[in-house]
Amino acid sequence: MHLLILGATGPCGLQLIEQALALHHTIVAYVRSPQKLPEDVRANPAVTVIEGQLTDKEKLSEAMAGVHAILSALGPAVKNGPFHPANTPLAHAYELLIEVMKARDVRRLILLGTASMKDEHDKFSVQFTVLVSGVALFAHNAYKDVVAIGNTVRAADEDLIWTIARVPILTEKPEKDFIAGYVGDGKTGTRLARAAFAAFVLKELEANEWCRKAPLISSP
């Protein structure tokens, strides 16, 4: 497939690129700072790099030409924590993205989310209650933006086939094994390797097992 990857310069985005290329997909990496991509990615003939902002409708449309699906690793930067802007910029970016997708007739979107995006299938979990409450308290603007992303995607027209891959605490471990379920289901845990996040996304791209659903993904 021909894929548009957002958040491509971050750790999860780079995992998406690496694993997508290994599966022989072609990629458009839409980035603000192309120099942050590794040289081998920029030089790969299967990768097209387009520099642009998430607020630039024309550039987004250009990046989406001929694309079959969009994989997004966008999320508030952990290092910014409480300094994340208060005006939910990522949720607004998704509003524009979905608008451009409709114009370009691109229907599939798989995106990174967190347990802050509650789901009707979730059950009570002490661990996740503590984690989410901590984020809401100490990084409130980031929490608010993440929740707004979930609401924005879920409110989109039925033409949009979305999957929100909600993640717990991300790690740098190389393992790609994962469990997909819901908060408090007795199966999922509080850690997930970034490599496993990418593995889930690329499996879901082919399998379409979680369309219009928001599973929690964790390491076994």
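This is a predicted model: local features need pLDDT of at least 70, side-chain atom pairs count only at pLDDT 80 or more; totals for chains, interfaces and linings use all residues.
Visitor: How many salt bridges does a search of the whole structure find?

Guide: The search finds nine salt bridges. A salt bridge here pairs a side-chain nitrogen of Lys or Arg with a carboxyl oxygen of Asp or Glu within 4 Å. Lys57 and Glu99 form one of them, with their closest N and O atoms 2.6 Å apart. Lys57 belongs to helix H3 (residues 57-63) and Glu99 to helix H4 (residues 89-104), so this pair, 42 residues apart, links distant parts of the chain.

Visitor: Are Lys57 and Glu99 buried, partly exposed or exposed?

Guide: The label follows from relative accessible area: under 20% is buried, over 50% is exposed, and values in between are partly exposed. Lys57 is partly exposed at 44%. Glu99, at 41%, is also partly exposed.

Visitor: Which residue forms a salt bridge with Lys102?

Guide: Asp157 does, and the closest N and O atoms are 2.6 Å apart. This pair also connects distant parts of the chain: Lys102 is in H4, while Asp157 sits in the loop between helix H6 (140-154) and strand E6 (161-167), 55 residues apart. Lys102 has a relative accessible area of 54% and is therefore exposed. Asp157 has 42% and is therefore partly exposed.

Visitor: Where does the salt bridge between Arg154 and Asp119 have its closest N and O atoms, in terms of distance?

Guide: They are 3.1 Å apart. Arg154 lies in helix H6, and Asp119 in the loop between strand E5 (108-114) and helix H5 (126-138), so the bridge ties together parts 35 residues apart in sequence. Asp119 counts as buried because its relative accessibility is 13%. Arg154, at 29%, is partly exposed.

Visitor: Which residues of H4 are buried?

Guide: The buried residues of H4 are Leu90, Ala91, Ala93, Tyr94, Leu96, Leu97, Ile98, Val100 and Met101.

Visitor: What covers the buried residues of H4?

Guide: The cover includes strand E1 (2-6), H3, strand E4 (69-72), E5 and H6. H3 also holds Lys57, the partner of Glu99 in H4.

Visitor: Which residue follows H4?

Guide: Asp105 follows H4, and its phi is positive, near 60 degrees.

Note on methods:
Residues are numbered from 1 along each chain as its sequence is written. Side-chain values use heavy atoms; hydrogens and water are left out. Helices (H or I, at least four residues) and strands (E, at least two) are DSSP runs, numbered from the N terminus. Buried means under 20% relative accessible area, exposed over 50%, partly exposed in between (1.4 Å probe, protein chains only). Contact means heavy atoms within 4.5 Å.
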